[in-house]
Amino acid sequence: MTEATFTQHGMWIMETMGAGSAYHMPLTVRFAAPPDRERLAAAVTRLVERHPLLACAVEERSGVPHLIPAALRPALDAQPVDGPFDLEKGPLIRFTLAGDRLLVLAHHLVFDGQSKDVLVADLAAFYEGREPGPLQALDVAAAQRERVAAQLEDAKAFWSARWREPGEVAVPGGRLRSRRASEGGVLEFTLEPPELPGLTRFEVVLAALHTLLRSYGNEHVVTAVDLSTRTPAETGRIGAFVNEVPVFGEPSPDASFADFAADLRAELRLVYGFREVPVARAVPGIRPHAALAPVSVSYRKAGPDIPGWQVEWLAFNQAVRGALQLQLLDGPEGLTASLRHDPQELPDPGRFAADLQALLARIEPGRTLKELVPFHDLAAAAPEASRQAAAEAAPDDPLLAEITAIWEEVLKFSPVEPHDDIFDLGGHSLTITQIIARIRKRLGVEIELDDFFDNPTIAGLVEVMRR
């Protein structure tokens, strides 16, 4: 048994809040000819032996998720590929062979985008009778905690000068507000970013995305970006080596695209330095969300080319985290965009895709942003008011005293007042799950995470418990 990593802990929190299929990661391999089932089953078994994380489940202990052996090991056709995962029983990956197609469904707790590459490469090697290179023994969670601890104070200083709570985003026909996981739609299209000196293809697209959002009337633009946290020791491993970070920009209509893109690149490079530190650990008061901002973007190169294997790298999980996710896959045939969106918030994904394509086609480094795309004056909506706890507990209330004692034990300081917000006190998702676990153990009351997030004070919690 081992404690979950910070990344896994955040996903586990969202799962307990009902993430649906938002953290499901499908992968489809179509074979040129139906494969030998026995050889493929043996290859799956060897793959799981090489990457034991795939044979894990999650157990909560005193509010902290731990990885334990699953009740059933993954095997070819052992479980139906569809349907929700049972995190407590596991396993967190499934393999199903349907004719000439291998269907793989993994949970993000044990898998990320680059894990797809590793899985395909290692599975092909085992199927062909080859042995992948050895992997050294490594306690991933312990190593991550050590690195994060060493960077935490610098990360706090870095984000204190940059962080602002992401607001809603104006788009044609609607506003993007959601940072939750929900059912989603998908639209795939191609992008053709120009080659610009000193910029990667991803940086050009990110600058264009910020420019487009500014043209819709958003003066302050923020996009959440998925960044790999893999170290050299973690190369070749399957796991959740990723962190979401915000990238803030203020595109000036009068700036040249080259200048704005260079500034955004510089900011992105600074963010890279703290990519392994969860933002919620560095910034007090951040509420847990499935997405850091309503708009998020990720970029990766296509995985290995295996003769006779056609891989669907961008298979859709029928869900979206936030209001709009732009997943970019850079392959031999160009840059493919998968626009995952909340249909209630983005009513016209085709318009958004066409606007981004048109903007990229017009880019010339010396042209100003307002020369590249028309700028609109859409009024920004007022930020949503924060919810206040309705409870007014008496000073001698024994329940209030018990809950206060638990908060002070977990937070390790006192006094904590009835209306102090746990996030303002430096609490985070791990703190909350530890408090919930102690309330369950001592009082026999189960507090839902949603209720805690909506009532993040002692008084508010007492009122929830009385209801």
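1. A helix here is a DSSP run of H or I with at least four residues and a strand is a run of E with at least two, both numbered from the N terminus. With that settled, helix α1 gives the largest share of the lining of the largest cavity, seven residues. Please keep in mind that this is a predicted model, in which local features need pLDDT of at least 70 and side-chain atom pairs count only at pLDDT 80 or more, while totals for chains, interfaces and linings use all residues. Residues are numbered from 1 along each chain as its sequence is written, and side-chain values use heavy atoms, with hydrogens and water left out.

2. Now the cavity itself. On a 1 Å grid over the protein atoms alone, a cavity is a set of points where a 1.4 Å probe fits but cannot get out; a pocket is an open set with protein on both sides within 12 Å along at least five of seven lines, and lining residues have an atom within 4 Å of a point. One cavity of 30 Å³ or more turns up. The largest cavity has a volume of about 590 Å³, a volume being the space filled by probe spheres set on the grid points, which are joined across faces, edges and corners. It has 27 lining residues, with Gly10, Met11, Asn243, Glu244 and His289 the closest to its centre. Two or more lining residues come from each of α1 (6-16), β12 (242-249) and α7 (279-282).

3. The second largest pocket is worth a look too, at about 940 Å³. Of its 40 lining residues, Gly113, Asp226, Ser298, Tyr299 and Arg300 lie nearest the centre. Strand β13 supplies the largest share of this lining, six residues. Other elements that each give at least two include α3 (113-127), α5 (201-215) and β11 (221-228).

4. Where does helix α13 sit? Seven of its nine residues (458-466) are buried, so the helix is largely enclosed by the rest of the structure. Buried means under 20% relative accessible area, exposed over 50%, and partly exposed in between, with a 1.4 Å probe and protein chains only. The buried residues of α13 are Ile458, Ala459, Gly460, Leu461, Val462, Val464 and Met465, and they pack against α10 (398-411), α11 (429-443) and α12 (449-454).

5. On to the nonpolar cores, each a set of buried Ala, Val, Leu, Ile, Met, Phe, Trp, Tyr and Cys residues joined through side-chain atoms within 4.5 Å. The largest has 78 residues, among which Phe95, Leu119 and Trp407 touch the most other members. A second, separate core of 65 residues includes Phe6, Tyr216, Val222 and Leu328.

6. Finally, the aromatic rings. Rings of Phe, Tyr and Trp (its six-membered ring) pair if their centres lie within 6.5 Å; planes under 30 degrees apart count as stacked, over 60 as edge-to-face and the rest as tilted. The whole structure holds nine such pairs. Phe31 and Trp309 are edge-to-face, 5.0 Å centre to centre with 80° between the planes. Phe31 lies in strand β2 and Trp309 in strand β14 (residues 309-312), so this pair ties together parts that are 278 residues apart in sequence. Phe31 is buried at 5% relative accessible area, and Trp309 is buried at 10%. Together with Tyr127, Phe31 and Trp309 form one aromatic cluster.

Technical notes
Contact = heavy atoms within 4.5 Å.
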